[in-house]
Amino acid sequence: MEYIKRIIDAQLEEKLQITGAVLIKGCKLCGKTTTAKKYSKSILEMQNPDTQENNINLANTKTSLLLNGVKPRLIDEWQMVPKLWNAVRYSVDLIGLPEQYILTGSATPIDDETLHSGVGRFSIINMKPMTLFESGDSNGKISLKDLFEHNIKIDGIKSDLTFEKLAFLICRGGWPNSVNMAPDKALKIAQNYIELLVSSYITEIDGVKRNPELARTILKSYSRQISTIDSDKSLIDDVKANFTEVSDKTIYEYINHFKLLFIIDEINAWNPNIRSKTVIRTSPKKSFIDPSLAAASLTCTPNDLLMDFNTYGLLFENLVDRDLSVYVSSLGGHLNHYRDNYGLECDSIIRLNNGKYALVEIKLSGNHIEEAEKHLLKLKSLIEEKEPRLGKPELMMIITATDMAYEKESGVLVIPIGCLKD
(Lines give C-alpha, C1' and ligand atoms only; values in the text may rest on other atoms or scores of the structure.)
Protein backbone atom coordinates (compact mmCIF):
# COMPACT_ATOMS: atom_id res chain seq x y z
CA MET A 1 0.00 0.00 0.00
CA GLU A 2 1.33 3.43 -0.91
CA TYR A 3 2.42 5.56 2.05
CA ILE A 4 0.10 8.47 2.80
CA LYS A 5 2.15 11.51 3.74
CA ARG A 6 1.56 12.72 7.29
CA ILE A 7 2.02 16.20 8.71
CA ILE A 8 4.39 14.91 11.39
CA ASP A 9 6.82 13.65 8.71
CA ALA A 10 8.60 17.01 8.60
CA GLN A 11 8.75 17.16 12.41
CA LEU A 12 10.20 13.65 12.60
CA GLU A 13 12.86 14.41 10.00
CA GLU A 14 13.89 17.55 11.86
CA LYS A 15 13.94 16.01 15.33
CA LEU A 16 15.97 13.00 14.15
CA GLN A 17 18.69 15.42 13.10
CA ILE A 18 18.71 17.09 16.53
CA THR A 19 18.42 14.33 19.14
CA GLY A 20 19.55 10.75 19.45
CA ALA A 21 16.04 9.39 19.97
CA VAL A 22 12.54 10.44 18.98
CA LEU A 23 9.42 9.20 20.72
CA ILE A 24 6.18 9.15 18.70
CA LYS A 25 3.24 8.72 21.03
CA GLY A 26 -0.42 8.41 20.18
CA CYS A 27 -3.41 6.08 20.24
CA LYS A 28 -3.39 2.70 18.54
CA LEU A 29 -4.12 2.64 14.79
CA CYS A 30 -3.27 6.31 14.20
CA GLY A 31 -0.31 5.38 11.97
CA LYS A 32 2.72 5.67 14.29
CA THR A 33 4.42 2.47 13.22
CA THR A 34 3.81 3.02 9.50
CA THR A 35 5.39 6.47 9.67
CA ALA A 36 8.26 5.35 11.90
CA LYS A 37 9.11 2.47 9.55
CA LYS A 38 9.56 4.95 6.73
CA TYR A 39 12.46 6.53 8.64
CA SER A 40 14.05 3.49 10.32
CA LYS A 41 16.54 0.89 9.09
CA SER A 42 15.90 -1.87 11.63
CA ILE A 43 12.90 -2.78 13.77
CA LEU A 44 12.21 -4.28 17.20
CA GLU A 45 8.51 -5.19 17.36
CA MET A 46 7.59 -5.62 21.01
CA GLN A 47 4.04 -6.73 20.16
CA ASN A 48 5.10 -9.52 17.80
CA PRO A 49 3.69 -12.68 19.47
CA ASP A 50 6.43 -14.86 17.94
CA THR A 51 9.23 -12.95 19.66
CA GLN A 52 7.51 -11.12 22.49
CA GLU A 53 8.38 -13.54 25.30
CA ASN A 54 12.00 -13.76 24.23
CA ASN A 55 12.27 -9.97 23.94
CA ILE A 56 10.82 -9.47 27.42
CA ASN A 57 13.28 -12.02 28.85
CA LEU A 58 16.17 -10.25 27.14
CA ALA A 59 14.98 -6.89 28.42
CA ASN A 60 15.05 -8.22 31.97
CA THR A 61 18.54 -9.74 31.62
CA LYS A 62 20.57 -7.70 29.14
CA THR A 63 18.46 -4.92 27.66
CA SER A 64 21.26 -3.61 25.45
CA LEU A 65 20.99 -6.67 23.19
CA LEU A 66 17.59 -5.45 22.01
CA LEU A 67 19.17 -2.23 20.80
CA ASN A 68 21.50 -3.97 18.34
CA GLY A 69 20.60 -3.17 14.75
CA VAL A 70 21.19 -0.69 11.98
CA LYS A 71 20.38 2.85 13.07
CA PRO A 72 17.93 4.51 13.20
CA ARG A 73 16.39 1.54 15.01
CA LEU A 74 12.65 1.49 15.57
CA ILE A 75 11.43 0.15 18.91
CA ASP A 76 7.70 -0.33 18.43
CA GLU A 77 5.48 -0.15 21.56
CA TRP A 78 8.44 0.43 23.86
CA GLN A 79 6.20 0.86 26.92
CA MET A 80 5.66 -2.90 27.08
CA VAL A 81 9.12 -3.05 28.68
CA PRO A 82 9.74 0.31 30.40
CA LYS A 83 13.41 -0.63 30.98
CA LEU A 84 13.96 0.12 27.30
CA TRP A 85 13.66 3.84 28.01
CA ASN A 86 16.74 3.98 30.22
CA ALA A 87 18.62 1.60 27.91
CA VAL A 88 18.00 3.89 24.94
CA ARG A 89 18.93 6.95 26.99
CA TYR A 90 22.24 5.35 28.02
CA SER A 91 22.96 4.24 24.44
CA VAL A 92 22.32 7.76 23.14
CA ASP A 93 24.71 9.17 25.75
CA LEU A 94 27.33 6.57 24.82
CA ILE A 95 27.13 7.06 21.04
CA GLY A 96 26.68 10.82 21.17
CA LEU A 97 25.10 11.09 17.73
CA PRO A 98 21.61 11.98 16.45
CA GLU A 99 19.37 9.61 14.45
CA GLN A 100 19.85 6.55 16.66
CA TYR A 101 16.37 5.45 17.73
CA ILE A 102 12.68 5.96 17.02
CA LEU A 103 10.32 4.78 19.75
CA THR A 104 6.58 4.45 19.34
CA GLY A 105 4.12 4.12 22.20
CA SER A 106 0.33 3.80 22.35
CA ALA A 107 0.20 4.13 26.13
CA THR A 108 1.95 6.03 28.89
CA PRO A 109 3.36 3.65 31.50
CA ILE A 110 2.14 4.08 35.06
CA ASP A 111 4.65 6.35 36.82
CA ASP A 112 7.92 4.49 37.23
CA GLU A 113 10.67 6.10 39.30
CA THR A 114 13.27 4.08 37.41
CA LEU A 115 12.61 6.02 34.20
CA HIS A 116 15.35 8.61 33.89
CA SER A 117 14.60 11.96 32.30
CA GLY A 118 15.09 11.98 28.55
CA VAL A 119 15.85 15.71 28.41
CA GLY A 120 18.49 16.38 25.78
CA ARG A 121 18.38 12.83 24.47
CA PHE A 122 14.74 12.49 23.36
CA SER A 123 12.41 14.56 21.24
CA ILE A 124 8.70 13.85 21.56
CA ILE A 125 6.04 13.99 18.85
CA ASN A 126 2.32 13.59 19.49
CA MET A 127 0.51 11.81 16.67
CA LYS A 128 -3.23 11.75 16.09
CA PRO A 129 -5.49 10.10 13.52
CA MET A 130 -5.50 11.80 10.13
CA THR A 131 -6.75 15.33 9.66
CA LEU A 132 -9.17 15.98 6.81
CA PHE A 133 -6.26 17.33 4.76
CA GLU A 134 -4.14 14.22 5.34
CA SER A 135 -6.99 11.90 4.39
CA GLY A 136 -7.61 13.92 1.22
CA ASP A 137 -11.03 15.16 2.32
CA SER A 138 -10.02 18.81 2.72
CA ASN A 139 -8.82 20.41 -0.50
CA GLY A 140 -6.22 22.36 1.51
CA LYS A 141 -6.71 25.61 -0.40
CA ILE A 142 -6.32 27.66 2.80
CA SER A 143 -3.13 27.18 4.78
CA LEU A 144 -3.06 28.12 8.46
CA LYS A 145 0.58 29.14 8.00
CA ASP A 146 -0.36 31.45 5.14
CA LEU A 147 -3.16 32.94 7.23
CA PHE A 148 -0.74 33.83 10.04
CA GLU A 149 1.66 35.33 7.51
CA HIS A 150 -1.15 37.17 5.69
CA ASN A 151 -0.12 35.58 2.40
CA ILE A 152 -3.60 34.59 1.21
CA LYS A 153 -6.93 36.13 0.25
CA ILE A 154 -9.72 33.74 1.12
CA ASP A 155 -12.77 35.36 -0.51
CA GLY A 156 -14.55 32.91 -2.79
CA ILE A 157 -12.49 29.81 -1.94
CA LYS A 158 -14.89 26.86 -1.79
CA SER A 159 -14.98 23.58 0.09
CA ASP A 160 -15.94 20.36 -1.66
CA LEU A 161 -17.53 18.89 1.49
CA THR A 162 -21.29 18.73 1.97
CA PHE A 163 -23.09 18.49 5.32
CA GLU A 164 -23.79 14.85 4.54
CA LYS A 165 -20.14 14.07 3.76
CA LEU A 166 -18.94 15.77 6.94
CA ALA A 167 -21.36 13.73 9.03
CA PHE A 168 -19.87 10.61 7.45
CA LEU A 169 -16.30 11.81 8.06
CA ILE A 170 -17.05 12.44 11.74
CA CYS A 171 -18.32 8.88 12.14
CA ARG A 172 -15.55 7.37 10.00
CA GLY A 173 -12.79 9.27 11.74
CA GLY A 174 -9.22 9.78 10.64
CA TRP A 175 -8.06 6.16 10.95
CA PRO A 176 -5.58 5.48 8.12
CA ASN A 177 -7.02 2.01 7.52
CA SER A 178 -10.46 3.47 6.85
CA VAL A 179 -9.52 5.99 4.16
CA ASN A 180 -9.65 3.64 1.18
CA MET A 181 -12.40 1.35 2.50
CA ALA A 182 -15.96 1.16 1.28
CA PRO A 183 -18.09 3.54 3.40
CA ASP A 184 -20.02 0.81 5.25
CA LYS A 185 -16.80 -0.97 6.23
CA ALA A 186 -14.99 2.28 7.10
CA LEU A 187 -17.67 3.13 9.66
CA LYS A 188 -16.94 -0.11 11.54
CA ILE A 189 -13.34 0.84 12.35
CA ALA A 190 -14.28 3.12 15.25
CA GLN A 191 -16.97 0.71 16.43
CA ASN A 192 -14.44 -2.13 16.59
CA TYR A 193 -11.95 0.19 18.28
CA ILE A 194 -14.38 0.85 21.14
CA GLU A 195 -14.94 -2.88 21.61
CA LEU A 196 -11.19 -3.56 21.80
CA LEU A 197 -10.67 -0.53 24.02
CA VAL A 198 -13.10 -1.62 26.72
CA SER A 199 -12.26 -5.33 26.56
CA SER A 200 -8.50 -5.32 26.02
CA TYR A 201 -6.59 -2.06 25.58
CA ILE A 202 -7.61 -0.67 28.97
CA THR A 203 -5.90 -3.59 30.74
CA GLU A 204 -2.58 -3.22 28.92
CA ILE A 205 -1.15 -0.38 31.00
CA ASP A 206 -1.01 -2.22 34.31
CA GLY A 207 -2.45 -5.67 33.56
CA VAL A 208 -5.48 -5.08 35.81
CA LYS A 209 -8.71 -6.56 34.47
CA ARG A 210 -11.48 -3.96 34.30
CA ASN A 211 -15.22 -4.08 33.77
CA PRO A 212 -15.91 -3.65 30.02
CA GLU A 213 -19.49 -2.49 30.60
CA LEU A 214 -18.42 0.14 33.10
CA ALA A 215 -15.72 1.32 30.67
CA ARG A 216 -18.29 1.49 27.87
CA THR A 217 -20.73 3.45 30.06
CA ILE A 218 -18.04 5.96 31.05
CA LEU A 219 -17.10 6.49 27.40
CA LYS A 220 -20.75 6.99 26.49
CA SER A 221 -21.30 9.49 29.32
CA TYR A 222 -18.12 11.36 28.37
CA SER A 223 -19.29 11.44 24.74
CA ARG A 224 -22.53 13.13 25.76
CA GLN A 225 -20.44 16.02 27.11
CA ILE A 226 -17.91 16.20 24.29
CA SER A 227 -16.69 19.73 23.44
CA THR A 228 -18.05 21.13 26.73
CA ILE A 229 -16.39 22.27 29.94
CA ASP A 230 -19.16 20.88 32.13
CA SER A 231 -18.14 19.68 35.57
CA ASP A 232 -17.58 15.97 36.06
CA LYS A 233 -20.56 15.78 38.41
CA SER A 234 -23.08 15.20 35.62
CA LEU A 235 -20.81 12.57 34.07
CA ILE A 236 -20.44 10.78 37.42
CA ASP A 237 -24.19 10.95 38.09
CA ASP A 238 -24.85 9.55 34.63
CA VAL A 239 -22.51 6.61 35.22
CA LYS A 240 -23.92 5.93 38.68
CA ALA A 241 -27.43 5.73 37.27
CA ASN A 242 -26.29 2.41 35.76
CA PHE A 243 -23.60 1.40 38.28
CA THR A 244 -24.96 2.46 41.66
CA GLU A 245 -22.11 0.96 43.70
CA VAL A 246 -19.21 2.37 41.74
CA SER A 247 -17.14 5.03 43.50
CA ASP A 248 -16.07 8.40 42.13
CA LYS A 249 -12.47 7.24 42.53
CA THR A 250 -13.06 4.25 40.26
CA ILE A 251 -14.69 6.40 37.57
CA TYR A 252 -11.75 8.82 37.64
CA GLU A 253 -9.35 5.88 37.44
CA TYR A 254 -11.01 4.67 34.23
CA ILE A 255 -10.95 8.19 32.77
CA ASN A 256 -7.27 8.50 33.64
CA HIS A 257 -6.55 5.22 31.85
CA PHE A 258 -8.29 6.52 28.74
CA LYS A 259 -5.96 9.52 28.94
CA LEU A 260 -2.91 7.26 29.34
CA LEU A 261 -4.06 5.41 26.21
CA PHE A 262 -4.28 8.76 24.34
CA ILE A 263 -8.04 8.31 23.81
CA ILE A 264 -9.19 11.29 25.86
CA ASP A 265 -7.30 14.39 24.75
CA GLU A 266 -8.66 17.35 26.70
CA ILE A 267 -7.97 20.95 25.70
CA ASN A 268 -6.70 23.20 28.48
CA ALA A 269 -8.11 26.62 29.24
CA TRP A 270 -6.36 29.84 28.23
CA ASN A 271 -5.95 32.04 31.27
CA PRO A 272 -4.83 35.54 30.21
CA ASN A 273 -4.84 38.33 32.75
CA ILE A 274 -8.04 39.93 31.44
CA ARG A 275 -10.51 38.77 34.07
CA SER A 276 -10.42 37.99 37.75
CA LYS A 277 -9.02 34.52 38.40
CA THR A 278 -12.34 33.61 39.99
CA VAL A 279 -14.24 34.53 36.82
CA ILE A 280 -12.25 32.70 34.13
CA ARG A 281 -13.36 29.09 33.89
CA THR A 282 -10.27 26.92 33.93
CA SER A 283 -11.78 23.48 33.38
CA PRO A 284 -10.44 21.68 30.31
CA LYS A 285 -12.69 21.15 27.30
CA LYS A 286 -13.70 17.52 26.97
CA SER A 287 -12.30 16.02 23.80
CA PHE A 288 -11.49 12.69 22.18
CA ILE A 289 -8.44 12.10 20.05
CA ASP A 290 -10.92 11.53 17.20
CA PRO A 291 -14.65 12.37 16.95
CA SER A 292 -15.46 8.91 15.61
CA LEU A 293 -14.88 7.50 19.10
CA ALA A 294 -17.66 9.72 20.46
CA ALA A 295 -19.94 8.75 17.57
CA ALA A 296 -19.21 5.05 18.11
CA SER A 297 -19.73 5.31 21.88
CA LEU A 298 -23.11 6.94 21.26
CA THR A 299 -23.86 4.47 18.41
CA CYS A 300 -24.46 7.46 16.11
CA THR A 301 -24.66 6.94 12.37
CA PRO A 302 -24.12 9.78 9.88
CA ASN A 303 -27.88 9.96 9.41
CA ASP A 304 -28.37 10.22 13.19
CA LEU A 305 -26.13 13.29 13.22
CA LEU A 306 -28.08 14.89 10.39
CA MET A 307 -31.26 14.43 12.43
CA ASP A 308 -29.69 15.83 15.64
CA PHE A 309 -27.88 19.12 14.95
CA ASN A 310 -26.92 19.61 18.60
CA THR A 311 -24.92 16.37 18.73
CA TYR A 312 -23.63 17.01 15.21
CA GLY A 313 -22.35 20.43 16.30
CA LEU A 314 -20.52 19.08 19.36
CA LEU A 315 -18.85 16.30 17.39
CA PHE A 316 -18.02 18.74 14.59
CA GLU A 317 -16.20 20.89 17.15
CA ASN A 318 -14.22 17.81 18.23
CA LEU A 319 -13.32 17.21 14.57
CA VAL A 320 -12.13 20.80 14.11
CA ASP A 321 -10.13 20.69 17.35
CA ARG A 322 -8.45 17.48 16.19
CA ASP A 323 -7.41 19.07 12.90
CA LEU A 324 -6.41 22.40 14.41
CA SER A 325 -4.25 20.75 17.07
CA VAL A 326 -2.28 18.92 14.36
CA TYR A 327 -1.94 21.98 12.13
CA VAL A 328 -0.94 24.20 15.06
CA SER A 329 1.63 21.69 16.33
CA SER A 330 3.31 21.68 12.91
CA LEU A 331 3.67 25.48 13.21
CA GLY A 332 5.11 25.26 16.71
CA GLY A 333 2.15 26.15 18.87
CA HIS A 334 -0.62 25.05 21.20
CA LEU A 335 -4.41 24.90 21.24
CA ASN A 336 -6.51 26.18 24.15
CA HIS A 337 -10.05 27.37 24.80
CA TYR A 338 -11.55 30.34 26.68
CA ARG A 339 -14.73 30.65 28.76
CA ASP A 340 -15.73 32.99 31.56
CA ASN A 341 -18.69 33.39 33.85
CA TYR A 342 -19.93 36.44 31.92
CA GLY A 343 -20.83 34.24 28.96
CA LEU A 344 -17.84 35.28 26.85
CA GLU A 345 -16.26 32.34 25.10
CA CYS A 346 -13.86 31.38 22.38
CA ASP A 347 -13.96 27.77 21.23
CA SER A 348 -10.26 27.61 20.37
CA ILE A 349 -7.24 29.81 20.99
CA ILE A 350 -4.23 29.18 18.76
CA ARG A 351 -0.98 30.27 20.40
CA LEU A 352 2.28 30.09 18.46
CA ASN A 353 5.68 30.02 20.12
CA ASN A 354 6.60 33.32 18.47
CA GLY A 355 3.87 35.10 20.46
CA LYS A 356 1.31 35.34 17.68
CA TYR A 357 -2.16 34.08 18.49
CA ALA A 358 -5.57 33.63 16.91
CA LEU A 359 -9.12 33.59 18.25
CA VAL A 360 -11.34 30.87 16.76
CA GLU A 361 -15.03 30.11 16.98
CA ILE A 362 -16.41 26.84 15.59
CA LYS A 363 -19.91 26.82 14.12
CA LEU A 364 -21.56 23.99 12.22
CA SER A 365 -23.83 26.18 10.09
CA GLY A 366 -24.02 29.78 8.95
CA ASN A 367 -26.89 30.54 11.35
CA HIS A 368 -24.59 31.46 14.24
CA ILE A 369 -21.86 33.33 12.39
CA GLU A 370 -23.06 36.76 13.53
CA GLU A 371 -23.12 35.64 17.17
CA ALA A 372 -19.65 34.09 16.84
CA GLU A 373 -18.33 37.30 15.27
CA LYS A 374 -19.60 39.30 18.25
CA HIS A 375 -17.82 36.93 20.67
CA LEU A 376 -14.55 37.30 18.80
CA LEU A 377 -14.72 41.09 18.61
CA LYS A 378 -15.73 41.40 22.26
CA LEU A 379 -12.82 39.21 23.38
CA LYS A 380 -10.43 41.17 21.16
CA SER A 381 -11.61 44.46 22.75
CA LEU A 382 -11.27 43.01 26.24
CA ILE A 383 -7.70 41.91 25.55
CA GLU A 384 -6.77 45.32 24.13
CA GLU A 385 -8.26 47.05 27.18
CA LYS A 386 -7.09 44.78 29.99
CA GLU A 387 -3.92 43.14 28.67
CA PRO A 388 -2.42 45.21 25.84
CA ARG A 389 0.96 43.49 26.25
CA LEU A 390 -0.54 40.47 24.48
CA GLY A 391 -0.95 42.57 21.36
CA LYS A 392 -3.82 42.23 18.92
CA PRO A 393 -4.78 38.76 17.74
CA GLU A 394 -3.13 37.95 14.44
CA LEU A 395 -6.33 36.28 13.24
CA MET A 396 -9.98 36.00 14.16
CA MET A 397 -11.66 33.03 12.48
CA ILE A 398 -14.96 31.23 12.40
CA ILE A 399 -14.48 27.66 11.17
CA THR A 400 -17.64 26.17 9.71
CA ALA A 401 -19.16 23.26 7.82
CA THR A 402 -20.36 25.65 5.14
CA ASP A 403 -18.96 25.74 1.60
CA MET A 404 -17.61 29.27 1.05
CA ALA A 405 -14.72 31.20 2.63
CA TYR A 406 -14.90 34.97 2.97
CA GLU A 407 -13.71 37.89 5.08
CA LYS A 408 -16.27 40.01 6.92
CA GLU A 409 -16.02 43.81 7.16
CA SER A 410 -14.82 43.44 10.76
CA GLY A 411 -11.81 41.45 9.59
CA VAL A 412 -13.20 38.16 10.93
CA LEU A 413 -12.54 35.28 8.54
CA VAL A 414 -15.16 32.62 7.80
CA ILE A 415 -13.38 29.42 6.73
CA PRO A 416 -14.89 26.01 5.87
CA ILE A 417 -13.02 23.13 7.52
CA GLY A 418 -12.99 21.46 4.10
CA CYS A 419 -10.51 24.11 2.83
CA LEU A 420 -8.06 24.10 5.72
CA LYS A 421 -4.56 22.63 6.04
CA ASP A 422 -1.42 23.29 8.11
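Colleague: Which residue in E4 is the bridge partner of Arg 73?

Modeller: This is a predicted model, where local features need pLDDT of at least 70 and side-chain atom pairs count only at pLDDT 80 or more, while totals for chains, interfaces and linings use all residues. Residues are numbered from 1 along each chain as its sequence is written, and side-chain values use heavy atoms, with hydrogens and water left out. Helices (H or I, at least four residues) and strands (E, at least two) are DSSP runs numbered from the N terminus. In E4, Arg 73 has as its bridge partner Tyr 101.

Colleague: Over how many bridges do E3 and E4 pair?

Modeller: Two strands count as paired if DSSP finds at least two bridges between them. Strand E3 covers residues 73–76 and strand E4 covers residues 101–105. They pair in the parallel sense, and the number of bridges is 4.

Colleague: Which strands stand at the edges of the sheet, and why is one side of each left without a neighbour?

Modeller: The open sheet has 5 strands with parallel pairing, in the order E2-E3-E4-E1-E5. An edge strand has a single partner strand, so one side of it has no neighbour in the sheet. The edge strands are E2 (42–45) and E5 (122–126).

Colleague: What angle does the direction of helix H1 make with that of E5?

Modeller: Axes are lines fitted to C-alpha atoms, for helices over the stretch in contact, and angles run from 0 to 180 degrees between N-to-C directions. H1 (residues 8–16) packs on the sheet and touches E1 (21–25), E4 and E5, where contact means heavy atoms within 4.5 Å. Its direction makes with that of E5 an angle of about 175°.

Colleague: How far apart are the axes of H8 and H9?

Modeller: Two packed helices are described by the angle between their axes and the distance between the axes. H8 (residues 188–199) and H9 (residues 212–224) pack at about 130°, which means that H8 is oblique to H9; angles under 35 degrees count as roughly parallel, over 145 as roughly antiparallel, 65 to 115 as roughly perpendicular and the rest as oblique. Their axes are apart by 8 Å.

Colleague: What angle do H9 and H10 pack at?

Modeller: H10 covers residues 232–240, and its axis and that of H9 are 9 Å apart. The contact includes Leu 214 and Tyr 222 of H9 and Leu 235 of H10. H9 is oblique to H10, and the angle is about 140°.
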